[in-house]
Amino acid sequence: EFMIYLLRRADGSLAPASSGTYVDPLGVPRHLELGRFEVDVLDSWKSKRSGAVYPSVWRVKIPLAGIEVVVSSNLANQEMRPADPAGITYWEGSVSARGTKGGGAIDGQGYVELTGYARPLEELR
């Protein structure tokens with residue numbers, strides 16, 4: 001099991017606080033600093049309602065654990081739009097993962113939340 005969060009700066013680069021956690025088969029959590037994992041966007045989905053372009057498929061590599069998976073959204077349109085125009089439009093929903101761990105096949109389920117794609121969060125202040 002793993003959890004990763006990426007904090008994007010206005011220029012698109014990742015903030016140093018981006019990190020994650022890997023839980024090994026014995027249940028021991030290991031902190032993953034930025035640089036101990038890779039996340040590459042392989043595909044995206046564009047909302048017809050907001051115009052936002054959200055990542056929808058990612059390749060995640062965690063060399064420490066021998067993990068390489070492709071994570072895909074189970075449904076492209078999982079965009080949440082608040083009734084209040086001043087609210088945050090975001091994408092959240094279920095994903096599936098398939099790949100390898102230590103050379104063996106693995107698959108799994110997960111959850112992704114994406115903010116700041118419809119408009120930068122600084123504009124909301």
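Arg-59 has a relative accessibility of 27% and therefore counts as partly exposed, in a model that is predicted. Its side chain meets that of Glu-68 in a salt bridge, with 3.6 Å from N to O. Glu-68 is likewise described as partly exposed, because its relative accessible area is 35%, and the class applies to values that lie between the 20% and 50% limits. Side chains of opposite charge can pair when their charged atoms come close.

By the rule used here, which asks for a side-chain nitrogen of Lys or Arg within 4 Å of a carboxyl oxygen of Asp or Glu, the count comes to three salt bridges. One of them joins the side chains of Asp-107 and Arg-98, with 3.5 Å from N to O. Asp-107 is exposed, with a relative accessible area of 56%, and Arg-98, at 59% relative accessibility, also counts as exposed. Another joins the side chains of Asp-24 and Arg-30, with 3.8 Å from N to O. Here the two partners fall into separate classes, because Asp-24 counts as buried at 12% relative accessibility, whereas Arg-30 counts as partly exposed at 37%.

The chain that carries these pairs has zero helices and nine strands, so that, read along the sequence, it follows the pattern β-β-β-β-β-β-β-β-β. Along its principal axes, the C-alpha trace spans about 45 × 30 × 25 Å. Of the 125 residues of the chain, 27% count as buried, a class that requires a relative accessible area under 20%.

One relation between parts of the chain can be followed from strand E5, where Lys-61 has its place. Lys-61 counts as partly exposed, because its relative accessibility is 26%.

We turn next to the empty space. Rolling a probe the size of a water molecule over the atoms shows where empty space is left. In this model the largest pocket has a volume of about 1300 Å³. It is lined by 41 residues, of which Ile-4, Tyr-5, Leu-6, Val-112 and Glu-113 are the closest to its centre. The elements that each give two or more residues to this lining are strands E1 (2-5), E4 (38-46), E5 (53-62), E6 (67-73), E8 (90-101) and E9 (104-115). Among the contributors, E9 supplies the largest share, with 10 residues. Sorted by class, the lining of the largest pocket has 26 nonpolar, six polar and nine charged residues.

Tyr-5 links this pocket to a feature of the surface. This residue is found in strand E1, and it is among the residues closest to the centre of the largest pocket. Tyr-5 is partly exposed, because its relative accessible area is 37%. Together with Met-3 and Leu-7, Tyr-5 forms a nonpolar patch on the surface, and the three residues have about 290 Å² of accessible area together.

How values were computed
Residues are numbered from 1 along each chain as its sequence is written. This is a predicted model: local features need pLDDT of at least 70, side-chain atom pairs count only at pLDDT 80 or more; totals for chains, interfaces and linings use all residues. Side-chain values use heavy atoms; hydrogens and water are left out. On a 1 Å grid over the protein atoms alone, a cavity is a set of points where a 1.4 Å probe fits but cannot get out, and a pocket is an open set with protein on both sides within 12 Å along at least five of seven lines; lining residues have an atom within 4 Å of a point. Grid points are joined across faces, edges and corners, and a volume is the space filled by probe spheres set on the points. Helices (H or I, at least four residues) and strands (E, at least two) are DSSP runs, numbered from the N terminus. Ala, Val, Leu, Ile, Met, Phe, Trp, Tyr, Cys and Pro count as nonpolar, Asp, Glu, Lys and Arg as charged, and the others, Gly among them, as polar. Buried means under 20% relative accessible area, exposed over 50%, partly exposed in between (1.4 Å probe, protein chains only). Patches are made of residues with over 30% relative accessible area and no salt bridge: like charges are joined within 9 Å, nonpolar side chains (Val, Leu, Ile, Met, Phe, Trp, Tyr) within 5 Å. Accessible areas come from the Shrake-Rupley method with a 1.4 Å probe; for residues, only the protein chains shown count as cover.
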